Amino acid sequence: SSLYVQVLTVSSSVPLRVSAALSAAEGSRATMETLLHRERVLSNTLQQHLQGSQSWADSLGQILGQLDTLERHMKYLQCLAHIEDLSASIQQFLMTNSVWEAIGAVGSMANLDMGLKESGCSHLQAFLRETLLFWHKILKDKLTSDFEEVLTQLHWPAVSPPTQTLSPPANAQELSSQLKLLVSQLLSLQTSDDLISEMTDVRPFPGLLQAPPLSIPIQIMLLPLSKRFRYHFTGNRQTNSLSKPEWYLTQVLMWMGHNSSFMEEKIQPILNRAGANVDAKVELCRGLLSLAQEKLAHDAPRLLYDDALFCHLVDEVLQFEKELRTTHAYPSSYPGALHILLEEAVFQKWLSVERKMALEKVDAMLSTEGAWSCQYRDITDVDELKAPDCAETFMTLLLVITERYRSLPCPQAQLSFLALQRELVDDFRIRLTQVMKEESRQPLGARYCAVLNAANYISTVLSDWSDNVFFLQLQQTAVSVGEEVLGPLGATESGRLASLEGSLFEELLALLERLRGDMLGRLWEAVMRDVKEKAQLYCRDRWISLPSQCDQATMSLSSSACPFLLCLRDHLLQLQQLLCLPLFQMFWQGLAERLDLFLYQDVILYNHFNEGGAAQLQFDMTRNLFPLFGHYCKRPENFFKHVKEACIILNLKAGPALLLCDVLKQQEGPEEGDASLRPQPPTPESALNEMAVYRLAPSDAQILLNLRSAWLSR
């Protein structure tokens with residue numbers, strides 16, 4: 001019954017809660033409608049205000065625009081008035097000879113010009129520049145006139161070697177003061193002068209590089225030298241000759257030398273006190289150099305069709321550049337005269353002429369009578385490489401080309417010359433190959449050996465160049481920009497160059513090594529063919545029936561060995577004279593290796609030996625053959641391991657021979673039984689090693705033992 005009461009209570013309270021919630025919702029909806037109504041009212045009011053104020057805003061914007069225009073006009077007029085004021089003040093200062101004040105006003109005008117660069121007021125800027133140019137010229141002309149008068153009294157310029165006979169002028173102190181004042185005043189005009197230079201800078205020749213303007217005092221000091229240069233080296237003067245570039249280049253260098261002391265002693269201290277970061281001597285050189293550069297840029301294109309004159313021009317420019325950098329210490333950071341030669345048409349002509357002249361020189365030297373002879377052949381201590389004259393001249397030619405392009409300021413240009421050098425080396429290698437083929441019927445002749453020496457000499461020099469700092473630096477350049485000049489580099493080649501494992505001459509060295517190997521092979525074949533022919537009687541000697549001699553002191557060389565040993569000796573002496581030392585070392589060692597195998601296979605393995613025959617063979621080898629090679633090394637027997645060890649086995653006494661035979665047989669088939677109960681016999685290898693036999697295998701030793709006549713009945 002209590003549960004029934006609770007259910008009734010709950011069911012009666014639910015409608016009351018629902019009713020209260022509905023009432024609250026109705027109240028909220030009414031509040032929301034009120035707020036929305038107020039929002040619409042405010043929005044309408046605000047819209048009306050905005051519409052009313054738009055006309056005011058438009059009107060205010062027009063007024064502000066007009067004010068901005070007026071302000072810009074005012075500033076324009078103020079700037080114009082400032083220019084007029086500066087102009088008037090400069091005029092007033094000049095009338096009262098207030099030079100420093102006039103310079104200051106011109107400087108202000110120059111600063112104003114720089115400030116107007118981004119303004120877009122082209123007419124105002126043009127007016128300002130015209131005004132600046134006008135007053136700058138008047139002021140500069142005035143100072144220039146005074147400066148030139150002082151310079152004249154100080155005997156400037158020195159167009160001939162300075163002499164000590166010139167006594168200082170009486171008013172030297174006054175001149176020195178005037179010089180200091182005028183140089184300082186001219187330096188103060190530098191800013192406006194640089195601006196005017198920018199406006200009027202027109203380079204007459206595309207080959208000339210843009211350079212910072214010279215300081216004004218240096219410009220003025222160069223005027224008399226420039227007049228002299230143009231008088232002598234332009235127009236129809238006899239001194240203006242395309243075939244004589246050395247005349248004007250030498251003149252420029254002479255003027256640099258004659259006037260450098262004046263610049264260092266008189267001008268440099270003034271520049272230092274004025275705080276100008278200028279080297280007077282370098283500036284003089286730069287100004288004089290510009291005269292030569294302009295002349296070179298004018299003349300070089302006119303010589304492109306005359307190889308002789310063009311070559312002469314290049315030689316003179318290279319010599320001029322060397323003199324400029326060394327004698328006159330012209331900084332490497334400044335361009336010299338070489339960039340004139342790097343202009344595309346001129347540079348391609350230079351490469352073409354270098355190639356043509358080099359090939360002509362190679363043709364000429366190969367056609368001379370002494371091309372394949374060595375000029376040091378009678379002085380063995382001087383030249384171990386025994387390079388023939390043609391090879392030495394060719395590498396000197398390449399070295400000269402290197403020296404010509406070493407100082408070029410452009411890495412791509414240097415790589416172009418390197419490509420030319422590689423082309424010339426490959427061409428010379430092909431020529432060597434052709435001569436080698438012509439002489440291949442006489443491989444032991446002097447010319448054939450000279451070709452071999454030439455290939456070895458070129459290879460040696462190129463290997464040395466590969467470790468040279470200049471070529472290593474060029475190698476790093478080739479990794480980054482080399483494909484433009486040297487052609488596409490594979491990933492492997494590029495990696496080897498970058499890591500310095502490879503070299504710029506690696507491919508050429510491989511080709512030269514192949515040529516050298518082929519030629520040595522032909523030499524070995526020719527000598528071995530002769531030796532084998534002379535050794536036929538020795539191969540067929542009756543080794544099995546020679547009488548036994550107990551004492552080698554009473555033994556003599558086999559008569560059948562004399563022909564081939566004499567032949568061998570003659571060839572060794574002949575080739576020692578013809579081949580350079582490194583090649584002869586390779587030759588005799590390779591010959592010893594081939595002779596060792598020949599004697600082992602065609603004499604020893606081909607015959608049977610009794611005790612006397614084995615002893616005679618050992619005597620012939622150790623007392624006669626080996627000493628032939630003893631002139632070239634301390635232990636020649638080490639190059640005849642097969643023969644030496646075969647002689648050891650053939651000359652074993654009966655007891656040791658039997659023991660060795662047993663050891664070899666046990667290795668082939670061990671006896672049955674309990675092996676663990678018997679001591680282990682020595683291995684065949686250890687047994688042979690105890691007899692000083694290391695090269696021959698146990699099977700070879702067994703064959704040699706079977707060649708002993710005492711074993712024939714076993």
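Trainee: How do the axes of helix H4 and helix H7 cross in this predicted model?

Mentor: For a helix pair, look at how far apart the axes are and at what angle they cross. Here the axes of H4 (residues 172-188) and H7 (residues 245-273) come within 10 Å and cross at roughly 55°. That angle makes H4 oblique to H7, and the crossing is right-handed.

Trainee: Which residues make that contact?

Mentor: On the H4 side, Leu179, Lys180, Val183, Ser184 and Leu187 take part, and they meet Lys266, Ile267, Ile270, Leu271 and Arg273 of H7. Here's the general idea behind such spacing: an α-helix has 3.6 residues a turn, so residues three or four places apart point the same way.

Trainee: Okay, now H11. What is its span from first C-alpha to last?

Mentor: You set the span against what the residue count leads you to expect. H11 runs over residues 344-366, which is 23 residues, and reaches 33 Å, close to the 33 Å expected at 1.5 Å a residue.

Trainee: And which helices do the buried residues of H11 pack against?

Mentor: Start with who is buried: Val346, Phe347, Lys349, Trp350, Leu351, Val353, Glu354, Ala358, Val362 and Met365. Those buried residues of H11 pack against H9 (307-326), H10 (338-341), H12 (389-405) and H13 (411-438).

Trainee: One last thing: is Ser226 buried or exposed?

Mentor: Check the relative accessible area against the cut-off, where buried means under 20%. Ser226 comes out at 15%, so this residue is buried. You'll find Ser226 in helix H6 (residues 216-233), and its side chain makes a polar contact with the side chain of Arg230 at 2.3 Å.

Technical notes: Residues numbered from 1 in each chain as written. Predicted model: local features only at pLDDT ≥ 70, side-chain atom pairs only at ≥ 80, totals over all residues. Heavy atoms only, no water. Helix = DSSP H or I, 4+ residues; strand = E, 2+ residues; numbered from the N terminus. Buried < 20%, exposed > 50% of the residue type's maximum accessible area, 1.4 Å probe, protein only. Polar contact = N/O pair within 3.5 Å; in protein donor to acceptor, adjacent residues only side chain to side chain. Expected span 1.5 Å × (residues − 1). Contact = heavy atoms within 4.5 Å. Axes fitted to C-alpha atoms, helices over the stretch in contact; angles between N-to-C directions. Parallel < 35°, antiparallel > 145°, perpendicular 65-115°, else oblique. Left-handed = near helix turned anticlockwise from the far one by under 90°.
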